[in-house]
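Keep the sequence and the 3D view open while reading.

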Amino acid sequence: MRRAILPSFLHRHARAGLPRGALITPALALALVLAGCGDNPAAHAAKARSAFAAQDFVTARMEALSALDSGKLPAADSQALLRLLARAQLQMGDGDGAQATLTRLEDAGGGGRAVNRMKAEAALLRGLPRQALSLLGQDGDADAWRLRAAAHQALGDNAQALSAFRQGMAAGDNVQLARDYARFLITAEDFAGADQVLAVMQRLDPKGLDTAMVEGALRVRQGQLDAAGAAYDRAIAAYPRRIEPLIERANLADMQSQLDRAIGLIGKAARLAPGDSRVLDLQVQFASEKGDWEKVRQLLAPHEVDLDPRTPNGLTYAEALLRLGHPEQARVIFARALLLSPQNPYSRMMLAEAQLATGDPGTALRTIRPLSDSLLAGQRELDLALRAARAAGDPSADALAARLRSGQWQQDQRLAADGQAALGRRDWAAAITAYTALLGNGSDPEVLKRLAVACTNAGRHQDAIAYADRALAQAPRDPDMLHIAGLVRLNAGQDMAAAQHLLRRAVDADPANRLFRADLARAQAR
């Protein structure tokens, strides 16, 4: 099944005060109007506090704004409500809105270290980690250490982030710090350490949403899927207005091949937050897995103008057009996607499918050949190349058919599968063995790149550099090859000028790639 690329730790949100990816629906617009029409600011303030306590941050924001906009609250109450509003906006990921609220709070006489920490968090959400570090100064509060860790992560310095987490845990109890630290450890696959931090969360906030969500995420990574499901179910029952546990439970159901259940869960999330981009992404993903291409088209057609063809939604929309009998439109989108991300095999394969569907088999064959000629070529790539070759009357058709029947190709497939599985479980030695055998006496840039990845993680830095340079020599303009050639030098701590140069070229070739940008930031921070 196809998986959407997970979002990074921090996001910048331009729509002030709305949830991530939210759009103003007619119902929401009406609610906003009605919320501003009340004449009892104290009632709105009470509703804001109640909603915040229930972690319904959308309602908390709306009610707080209604109370504040009345201009009838005492100064002390206004300051308290501005603090609540800023915290709600930070919880919603709205850095711009929070910054505006905090400026308003300071103008009203509010201040102090707690406000400064909120300003630092707003800076992080706005993509300004260095500003956040400057704002925190020498603040030794546990929450300040949480924010320092997040800033260091945003700058690609995991060693400093780990140090900040540890100092924060020693500074005092803080559930949000423990949550972020546990997530950091889960990403690093330190599951024993994450379990210890989860125990702290369970002591501090046993029924909290963050506690349940961290438990669910950790159990998923440990392969304890039933325990993960139980944690998410508890969160859904305790926090019926929050979509996060519904999203993760839907993802888990999909992992367990319970697609209809996943669709039902994400449908509930859609009713709570119909414009949320995370919900839309999963609606599209599940519809595509089910082969409901008309549903995919209906979901994405309103966003067609804004779709980036490189994204999972952009590519899925193009595939829906292809499957629904609109190959010319699909061809245009896939061509743009491949131009922007030439290393994306899915874009290349689907462009070839669209070219074949539009009666251009010769071009389809040229498009698919970088994949079908690879040692990693699977059944789908070779079948597509064979269909294109036969339709074009190309003499390579016989060789392609023979390769599909050969024992050598079947052996290559086993080695490729072994290598991929080893990379997935981080068994670098097994990956090196499989890919070295697959490479044999031949040469293949993608296999060389994977060998470089395995070697750099295994600490075999000179081998990693050699493999990466061979891969780059064969594909000198491929962003992935530029990236790995820079990354192995960065990991080895060697030739940092070359590492920065190569990583900068990778970013220039694929500026939307977050991993490339993060590794470049790490190299520049050295």
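Contact here means heavy atoms within 4.5 Å. The model is predicted: local features need pLDDT of at least 70, side-chain atom pairs count only at pLDDT 80 or more, and totals for chains, interfaces and linings use all residues. Residues are numbered from 1 along each chain as its sequence is written, and side-chain values use heavy atoms, with hydrogens and water left out. Helices are DSSP runs (H or I, at least four residues), numbered from the N terminus.

**Helix α8**

- Helix α8 covers residues 142–154. Its 13 residues should span 18 Å at 1.5 Å a residue, and the end C-alpha atoms are 19 Å apart, which agrees. The expected span is 1.5 Å times one less than the number of residues.
- Buried means under 20% relative accessible area, exposed over 50%, and partly exposed in between (1.4 Å probe, protein chains only).
- In α8, 11 of the 13 residues are buried, so the helix is largely enclosed by the rest of the structure.
- The buried residues of α8 include W145, R146, L147 and R148. D143 and H152 are also among them.
- The cover over these buried residues includes α6 (113–125), α7 (129–136), α9 (158–171) and α10 (175–187).
- A polar contact is a pair of N or O atoms within 3.5 Å; within protein, one must be able to donate a hydrogen and the other to accept it, and residues adjacent in sequence count only if both atoms are side-chain atoms.
- At the start of α8, a side-chain oxygen of D141 comes within 2.8 Å of the backbone nitrogen of D143.
- Just after α8, G156 has a positive phi of about 80°.

**Helix pairs**

- Two packed helices are described by the angle between their axes and the distance between the axes.
- Axes are lines fitted to C-alpha atoms, for helices over the stretch in contact, and angles run from 0 to 180 degrees between N-to-C directions.
- Angles under 35 degrees count as roughly parallel, over 145 as roughly antiparallel, 65 to 115 as roughly perpendicular and the rest as oblique.
- A crossing is left-handed if the near helix is turned anticlockwise from the far one by less than a right angle, and right-handed if clockwise.
- α9 and α10 pack at about 140°, with their axes 10 Å apart. That makes α9 oblique to α10. Their crossing is left-handed.
- The axes of α12 (residues 209–221) and α13 (residues 225–238) come within 8 Å and cross at roughly 160°. The two helices are therefore roughly antiparallel. This crossing, too, is left-handed.
- Among the residues that meet here are L209, M213 and V220 in α12, with L225, Y232 and A235 in α13.
- α14 (residues 244–255) and α16 pack at about 20°, with axes 11 Å apart. That makes α14 roughly parallel to α16. α14 passes α16 in a left-handed crossing.
- On the α14 side, I247 and N251 are among the residues that meet α16, where the partners include V279, L282 and F286.

**Buried residues in helices**

- E121 lies in α6 and is buried, at 17% relative accessible area. Leaving out residues up to four places away in sequence, E121 touches L90, R146 and L147.
- S288 sits in α16 (residues 277–290). At 11% relative accessibility, S288 counts as buried. Its side chain reaches the backbone oxygen of Q285 at 2.7 Å.
- L438 belongs to α25 (residues 428–439) and is buried, with a relative accessible area of 4%.
- Not counting residues up to four places away in sequence, L438 touches L375, L376, D412, L415, A416 and V447.
- L438 and G264 are 174 residues apart along the chain, and their C-alpha atoms are separated by 43 Å.

**Positive phi in loops**

- Which loop holds E189? The loop between α10 and α11 (191–204) does.
- E189 has a positive phi of about 65° although it is not a glycine. E189 is partly exposed, at 34% relative accessible area.
- R426 is in the loop between α24 (407–424) and α25. R426 is not a glycine either, yet has a positive phi of about 60°. Its relative accessible area is 42%, so R426 is partly exposed.
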